[in-house]
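Me: I'm new to reading protein structures. Could you walk me through one, feature by feature?

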Amino acid sequence: MTIWTPSSEQPAVQDLEPSDRLRRLPDGRVMRESTVTLSPQAMQQVIDGYRCARCLEYEGIVPLGAFPEECPLCKFPMRAEQTRQLEQDFVGERPPPVSGLPMDRERAYLEKAHYSKKGYVTPGKDL
Ligand SMILES: [Zn+2]
């Protein structure tokens with residue numbers, strides 16, 4: 001058995017990189033999406049409705065409780081839209097987060113994602 005607790009000092013956003021995916025905005029413009037890597041803890045907060053799925057605000061939402069009517073920062077309608085937004089943004093793109101970090105799968109993914117990029121170093125086995 002592995003019991004694992006993410007550090008409370010872990011940054012919520014661990015990585016931010018341009019994505020191949022494009023999104024058409026309601027006004028017709030096409031934007032390139034970003035791929036945001038969240039800490040497992042932050043991801044859980046999004047799932048639980050304490051972190052905004054659009055702007056990732058957290059501190060201002062906690063006092064309001066889970067899934068407030070709208071995000072106090074960006075006005076994203078969390079109660080109505082957050083779950084749908086999550087399905088659109090996360091499921092199908094990458095494996096959905098599961099409790100208990102699957103290190104083997106995570107390592108395999110990271111190696112695959114970074115191996116072909118010039119200048120990246122493959123993580124050592126004792127990582
Ligand atoms: Zn927000």
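Reply: Happy to! Let's start with burial: a residue is called buried when its relative accessible area is under 20%, exposed when it is over 50%, and partly exposed in between. Keep in mind that this is a predicted model.

Me: Is C71 buried or exposed?

Reply: C71 has a relative accessible area of 0%, so C71 is buried. Compare C55: its relative accessibility is 30%, so C55 counts as partly exposed.

Me: With cysteines around, how many disulfides does the count give?

Reply: The idea is to look for a pair of cysteine sulfur atoms within 2.5 Å. By that rule, the count here is 0 disulfides.

Me: Now the strands. How many bridges join β1 to β2?

Reply: Two strands are taken as a pair if at least two bridges are found between them. Here β1 and β2 run antiparallel and are joined by 8 bridges. Strand β1 covers residues 13–24, and β2 covers residues 30–38.

Me: Which residues make the nonpolar surface patch?

Reply: V13, L16 and V36 make it, and the patch is about 230 Å². To join a patch, a residue needs over 30% relative accessible area. V13, which lies in β1, has 37% and is partly exposed.

Me: And charged residues? How many salt bridges are there?

Reply: Side chains of opposite charge can pair when their charged atoms come close. The cut-off for a salt bridge is 4 Å, between a side-chain nitrogen of Lys or Arg and a carboxyl oxygen of Asp or Glu. The count comes to 4 salt bridges. One of them joins R29 and D27, whose closest N and O atoms are 3.1 Å apart. D27 has a relative accessibility of 53%, so D27 counts as exposed.

Me: Which parts of the chain does the pair of R79 and E69 link?

Reply: First, the contact: R79 and E69 form a salt bridge, with their closest N and O atoms 3.1 Å apart. This pair links distant parts of the chain, as R79 is in helix α2 and E69 is in the loop between α1 and α2, 10 residues apart. Both residues are exposed.

Me: What about E70 and K75: how far apart are the closest N and O atoms?

Reply: They are 3.9 Å apart in this salt bridge. E70 is partly exposed at 37%, and K75 is partly exposed at 48%.

How values were computed
Residues are numbered from 1 along each chain as its sequence is written. This is a predicted model: local features need pLDDT of at least 70, side-chain atom pairs count only at pLDDT 80 or more; totals for chains, interfaces and linings use all residues. Side-chain values use heavy atoms; hydrogens and water are left out. Patches are made of residues with over 30% relative accessible area and no salt bridge: like charges are joined within 9 Å, nonpolar side chains (Val, Leu, Ile, Met, Phe, Trp, Tyr) within 5 Å. Accessible areas come from the Shrake-Rupley method with a 1.4 Å probe; for residues, only the protein chains shown count as cover. Helices (H or I, at least four residues) and strands (E, at least two) are DSSP runs, numbered from the N terminus. Buried means under 20% relative accessible area, exposed over 50%, partly exposed in between (1.4 Å probe, protein chains only).
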